[in-house]
Amino acid sequence: MKLYSYYRSSAAYRVRIALNLKGIGYETVPVHLIRDGGHNRRPEFRALNPQMRVPALVAPTGDVLIQSLAIIEYLDEIHPEPPLLPKDPIARAKARALADIVACDIHPLNNVGPLRYLKHEMHQEQSAIDAWYHHWVTVGFEALEALVHPQPYACGKDVTLADICVIPQVYNARRLKVPLDKFPKLLGIEAACLALAAFDRARPENQPDAE
Ligand SMILES: N[C@@H](CCC(=O)N[C@@H](CS)C(=O)NCC(=O)O)C(=O)O
């Protein structure tokens with residue numbers, strides 16, 4: 001499989017973790033999201049993904065899949081072991097809810113595109129943009145911190161989709177200097193996950209395009 005990725009992209013980071021957990025080999029195709037206004041805006045990438053975002057995964061069928069959660073569900077369907085969601089329907093819904101707090105409520109507000117729009121179109125100062133970023137991460141993390149009961153992973157003794165979404169968001173928050181001391185449970189989950197090779201190999205600094 002071929003993964004169009006950017007080392008710092010937290011959505012691509014999610015897919016890298018899932019591929020590694022499943023033991024699926026893949027080739028990384030780096031797409032620089034910052035250089036020259038973003039290589040994701042080039043016509044050749046737009047032809048591949050009209051949304052002009054990473055990740056995009058070329059499946060063995062040749063189909064191009066986009067949206068990290070859709071890609072991860074596909075990987076879970078074609079390689080059911082190890083499962084990325086608990087078996088019990090209530091536990092599954094809870095794991096998905098944690099993942100959605102990150103993927104639907106935190107990340108879309110703080111992604112390169114919206115932050116760039118705040119700066120260039122809304123003419124906001126960097127300090128206001130940083131405050132925006134910190135605010136939405138902090139309120140999202142407060143909810144996550146209240147909801148998780150690490151044992152040692154977000155939903156118990158097995159890694160789930162929740163961990164796959166939380167760890168890249170914690171990386172992102174740290175990079176943008178959000179104070180994390182209020183979130184000891186999330187930091188514990190992070191420590192447990194990063195001790196696993198699948199997470200470690202997916203880290204931004206371990207990517208071929210890391211700077
Ligand atoms: N909901 C999408 C988000 C994808 C996304 O926004 N990726 C970011 C990087 S984390 C991106 O490519 N941004 C480029 C841009 O907005 O110009 C997913 O889960 O895959």
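The structure holds five aromatic pairs (Phe, Tyr or Trp rings, the six-membered one for Trp, with centres within 6.5 Å; planes under 30 degrees apart are stacked, over 60 edge-to-face, the rest tilted). Select Tyr 6 and Tyr 7: the ring centres are 5.1 Å apart and the planes stand at 70°, so this pair is edge-to-face. Both Tyr 6 and Tyr 7 are buried (under 20% relative accessible area, with exposed over 50% and partly exposed in between; 1.4 Å probe, protein chains only).

A word on what you are viewing: this is a predicted model, where local features need pLDDT of at least 70, side-chain atom pairs count only at pLDDT 80 or more, and totals for chains, interfaces and linings use all residues. Residues are numbered from 1 along each chain as its sequence is written, and side-chain values use heavy atoms, without hydrogens and water.

Next, select Trp 132 and Trp 136, an edge-to-face pair with 5.8 Å centre to centre and 70° between the planes. Both sit in helix α6 (residues 126-147), four residues apart, about one turn of the helix. Trp 132 is partly exposed at 32% relative accessibility, and Trp 136 is partly exposed at 29%.

**Zooming out**

Now colour by secondary structure to find nine helices and four strands (DSSP runs numbered from the N terminus: H or I of at least four residues, E of at least two). Along the sequence they follow β-α-β-α-β-β-α-α-α-α-α-α-α. Finally, show the C-alpha trace, which spans about 45 × 45 × 30 Å along its principal axes.
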